[in-house]
Amino acid sequence: MELDPEQVRPSITRLRRAHGQLAAVIRMLEQGRDCEEVVTQLAAVSKALDRAGYTIIASGLRQCLADEDGEVDLARLEKLFLSLA
C-alpha cells in the first residue's frame with residue numbers, strides 16, 4: 001500500500017531541507033569550520049529527519065500496517081515506531 005502523496009508532501013519538503021543541511025555540514029567539515037557550528041547544524045539535520053519520520057507515522061502508518069480487516073498489528077506498529085528512536 002502506498003502513502004497518499006498529499007499527506008507525505010510536508011515530509012518530502014522537510015527531507016529536502018534536511019538534505020541541504022546535511023550538504024552544508026559536509027562542506028563545513030571539509031572547510032575545517034568550528035566544531036560548535038558543525039554540531040549545531042548536525043543537530044538541525046537530525047531533528048528534521050526525526051520530524052519527517054514522525055509526520056509519516058502520523059499521516060499513514062495505520063494505513064500501511066492495516067490488514068484486510070482494517071485491524072492494525074500493534075506489535076508491528078510499535079516496532080516500526082521504535083525504529084525511529
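Is Glu37 buried, partly exposed or exposed, and what is its relative accessible area?

A: This is a predicted model, and the values below are computed from it. Glu37 has a relative accessible area of 35%. Buried means under 20% and exposed means over 50%, so Glu37 counts as partly exposed.

Glu37 has a charged partner. It forms a salt bridge with Arg33, and the closest N and O atoms of the pair are 2.8 Å apart. A salt bridge requires the nitrogen to be within 4 Å of the carboxyl oxygen. Arg33 has a relative accessible area of 41%, so Arg33 is partly exposed too.

The count of salt bridges comes to two. In the other pair, the side chains of Glu6 and Arg9 meet with an N to O distance of 2.6 Å. Glu6 and Arg9 lie in helix α1, which covers residues 5–30. Because they are three residues apart in that helix, about one helical turn separates them. Glu6 has 52% relative accessibility and therefore counts as exposed. Arg9, at 44%, is partly exposed.

The surface also has a nonpolar part. Tyr54, Phe81, Leu82 and Leu84 form a nonpolar patch there, and their accessible area together is about 350 Å². One of these residues, Phe81, belongs to helix α3, which covers residues 74–82. Phe81 has a relative accessibility of 40%, so Phe81 counts as partly exposed. Residues of a patch need over 30% relative accessible area and no salt bridge.

Conventions. Residues are numbered from 1 along each chain as its sequence is written. This is a predicted model: local features need pLDDT of at least 70, side-chain atom pairs count only at pLDDT 80 or more; totals for chains, interfaces and linings use all residues. Side-chain values use heavy atoms; hydrogens and water are left out. Patches are made of residues with over 30% relative accessible area and no salt bridge: like charges are joined within 9 Å, nonpolar side chains (Val, Leu, Ile, Met, Phe, Trp, Tyr) within 5 Å. Accessible areas come from the Shrake-Rupley method with a 1.4 Å probe; for residues, only the protein chains shown count as cover. Helices (H or I, at least four residues) and strands (E, at least two) are DSSP runs, numbered from the N terminus. Buried means under 20% relative accessible area, exposed over 50%, partly exposed in between (1.4 Å probe, protein chains only).
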